[in-house]
Amino acid sequence: QVQLVESGGGLVQAGGSLRLSCAASGGTVSSYAMGWFRHTPEKERVFVAAITQTGGGTYYGDFVKGRFTISRDNGKNTVYLQMNSLQPEDTAVYYCAAAFRVHLGIRKSDYDYWGQGTQVTVSS
């Protein structure tokens with residue numbers, strides 16, 4: 001089994017930046033396609049970004065494209081989400097996920113393993 005642990009969340013003012021990290025254990029990041037989702041009490045868990053096993057392809061939700069960047073460092077067994085120009089609407093719990101059945105996942109059902117989430121709060 002694979003365990004994923006997110007970190008890097010916190011409180012930031014509108015217009016600021018955060019870099020989230022997802023560290024994997026019990027497996028290697030290089031063996032999985034990876035993704036990020038976010039969830040609030042008002043909304044269901046929605047897709048944010050995804051990256052292929054090799055890192056050669058990425059895909060983003062329309063609402064974050066141009067502001068967020070997903071990347072992976074297989075040597076460190078870690079996936080990152082760089083978030084710039086953050087807005088209050090980005091406030092959510094952000095979850096890292098790993099998939100072994102697809103090359104690139106954009107749906108919750110594509111993913112096999114999930115982290116516990118990290119809170120991101122953006123103030124006005």
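Met 83 is in contact (heavy atoms within 4.5 Å) with Gly 16, Ser 17, Leu 18, Leu 20, Arg 67, Phe 68, Tyr 94 and Val 120, neighbours within four places in sequence being left aside. The model is predicted; local features need pLDDT of at least 70, side-chain atom pairs count only at pLDDT 80 or more, and totals for chains, interfaces and linings use all residues. Residues are numbered from 1 along each chain as its sequence is written, and side-chain values use heavy atoms, without hydrogens and water.

The largest nonpolar core has 28 residues. Such a core is a set of buried Ala, Val, Leu, Ile, Met, Phe, Trp, Tyr and Cys residues joined through side-chain atoms within 4.5 Å. Met 34, Trp 36, Leu 81, Met 83 and Tyr 94 have the most contacts inside it. Apart from this core lies another, of seven residues, including Phe 47 and Tyr 111.

Thr 52 lies in the loop between strand 5 (43–51) and strand 6 (58–60). Strands are DSSP runs (E, at least two residues), numbered from the N terminus. Thr 52 counts as buried because its relative accessibility is 15%; buried means under 20% relative accessible area, exposed over 50%, partly exposed in between (1.4 Å probe, protein chains only). Its side chain reaches the backbone nitrogen of Gly 56 at 3.2 Å. Thr 52 and His 103 are 51 residues apart in sequence, yet 5.5 Å apart in space, C-alpha to C-alpha.

Beyond its neighbours within four places in sequence, Thr 52 also contacts Leu 104, among others. Leu 104 is in the loop between strand 9 (92–99) and strand 10 (113–114). At 34% relative accessibility, Leu 104 counts as partly exposed.

Technical notes
Helices (H or I, at least four residues) and strands (E, at least two) are DSSP runs, numbered from the N terminus. A polar contact is a pair of N or O atoms within 3.5 Å; within protein, one must be able to donate a hydrogen and the other to accept it, and residues adjacent in sequence count only if both atoms are side-chain atoms.
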